[in-house]
Amino acid sequence: MPRLEPIVGRYLHLDFQGQPYRVYFEEAGAGIPLLCLHTAGADGRQFRHLMNDADVAGRFRVIAFDMPWHGKSLPPAGWHLEEYRLTTQWYADFIRAFARALDLDRPVLMGCSMGGKILLQVALDFPEECRALIALEAADHQQPWYNLDWLHHPHTNGSEVCAGVIWDLMAPQSPADLRHEIWWTYAQGGPGVFKGDLYFYRVDSDFRDRVARIDTRRCPLYLLTGEYDFSCTPDDTRRTAAQIPGARITIMERLGHFPMCENPEHFRRYLMPVLDEILTREGRVHR
Amino acid sequence: MRFDMAWFEGLRAALARDALYSRIAGHFRARLLFEDAGWAVLTRLDDGRLVEVQAPPPLMAPWDVAIRGDASAWEDLLAAVPPPRCQSVFALAKAGRMRVEGDWLVLLQNLWAFTRLLELMRAHDGGAGRAAA
């Protein structure tokens, strides 16, 4: 018998802002939709452990799509004529369009890094369309710590530079094989894509003047940050949570910037109580 | 001084033994200066091999990249399990506890090998037999 994972991959044709997109997504499980958003310069493979976790997939329909320009989602026609730059509004609207195209009924949204940060905008724009928001390694603002031009530079190997700068963001205790897998996936990003994502993350998403307007009564917000993350530090997340009444914050020990894929077994001890709480709120039995 | 010549002799062997470093450092050519307030060591790497160590470096000796930090920063960086957000020179530089200076092109063209070098320095500093993951 072949040993098959429960994950299924498909392509969605999505017309968005007058442009056709062919979006790759993977899913597993059944139940409340749990829509997962990958980090900058990466793709939905980061959630493969979650999709293979029977305790999660037994209760949630776990879905992760590759953003256009990432993974198996191609950039739109004409991509080569302009520099790729992800913006806050485009990103939030695309997530909304994807969820609507799949007819997801008030999904739980969980994202990491840029995928977590955009949830702060989602919390402002369309909170009632979500059951809960789980923002990993997210804050209202991160202090830039290196010159992004090196991520896409003719004198360097962009693959290795992109992978190299994220390597240190992981906790040294995380399993070496998984850290090397993350390195590998970052090395597979298209030229300039990581840098273009960080335009959103660093330049177009200073939310310090607006996070206080987030109303967690409209949609619960969970903020979980790894203690080894020096890009989005625990203090960044604490500062953010302090401005949002009702926001739930957890600082995760022995985890870095990629909790769901650098050490998924350890991460689940932080995630499962959050998922259980969401199910309880929804009136569903959790186990 | 934290590192002496014998320490670097040991590191030389550790680099040669490491499968990952050996695979990725074949073109790694750089003069790296390691420094804190009390000591400085200038190393020269040629195709990944540690071919020269000078402690202290002679006056006016050129270098490509300098890694500078106080004793506590080096202690945290090279700890067997570094404290949170002390796991790399970039983390410590962002926190204002270390400085990375020099020719960024050299550093970024060799970033993967440079990163592995520092991990092997950590493993070596922890004593014989501790392998870098």
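How does the radius of gyration of chain B compare with that of a compact globule of 133 residues? Chain B comes out at 14 Å, in agreement with the value near 14 Å that such a globule would have. The radius is taken over C-alpha atoms, and the globule rule is 2.2 Å times the number of residues to the power 0.38.

## Ground rules

This is a predicted model, so local features need pLDDT of at least 70 and side-chain atom pairs count only at pLDDT 80 or more, while totals for chains, interfaces and linings use all residues. Residues are numbered from 1 along each chain as its sequence is written, with chains lettered from A and ligands numbered from 1 in the order in which they are written.

## Chain B

Chain B has six helices and five strands, arranged along the sequence as α-α-β-β-β-β-α-α-β-α-α. Helices (H or I, at least four residues) and strands (E, at least two) are DSSP runs, numbered from the N terminus. Its C-alpha trace spans about 35 × 30 × 30 Å along the principal axes.

Of the 133 residues in chain B, 38% are buried. Buried here means 20 or more other C-beta atoms within 10 Å of a residue's own, against 12 or fewer for exposed and in between for partly exposed, with C-beta atoms placed from the backbone. Take the contacts in chain B with a separation of 6 or more: 61% of them link residues 24 or more positions apart. A contact means that the C-beta atoms of two residues, placed from the backbone, lie within 7 Å.

## Chain A and its sheet

Chain A has 10 helices and eight strands. Its radius of gyration is 18 Å, close to the 19 Å from the globule rule for 287 residues, so chain A is as compact as a globular protein of that length. The C-alpha trace of chain A spans about 55 × 45 × 40 Å along its principal axes, and 53% of the chain's 287 residues are buried.

The eight strands of an open, mixed sheet run in the order β1-β2-β4-β3-β5-β6-β7-β8 in chain A. Strands count as paired if DSSP finds at least two bridges between them. At the edges stand β1 (8-16) and β8 (248-252) of chain A, each with a single partner strand, so one side of each has no neighbour in the sheet. From one strand to the next, the twist averages 20 degrees. Helix α3 (residues 88-101) of chain A packs on the sheet, touching β1, β2 (19-28), β3 and β4 of chain A, and makes about 115 degrees with β1(A). Such angles run from 0 to 180 degrees between N-to-C directions, with axes fitted as lines to C-alpha atoms, for helices over the stretch in contact.

## Inside chain A

Strands β3 (residues 32-37) and β4 (residues 60-65) of chain A pair in the parallel sense over five bridges, and A:L34 has A:V62 as its bridge partner in β4(A). Leaving aside neighbours within four places in sequence, A:V62 is in contact with residues including A:C36, A:F47 and A:M51.

How much of helix α4(A) is buried? The count is 10 of its 12 residues, so the helix is largely enclosed by the rest of the structure. Among those buried are A:K117 and A:Q121. The buried residues of α4(A) pack against β3, α3, β5 (108-112), β6 (132-136), α7 (193-203) and β7 of chain A.

## Where the chains meet

The contact takes 17 residues from chain B and 16 residues from chain A. On the chain B side, α4 (89-94), α5 (104-109) and α6 (111-125) each give two or more residues. The most come from α5(B), with four residues.
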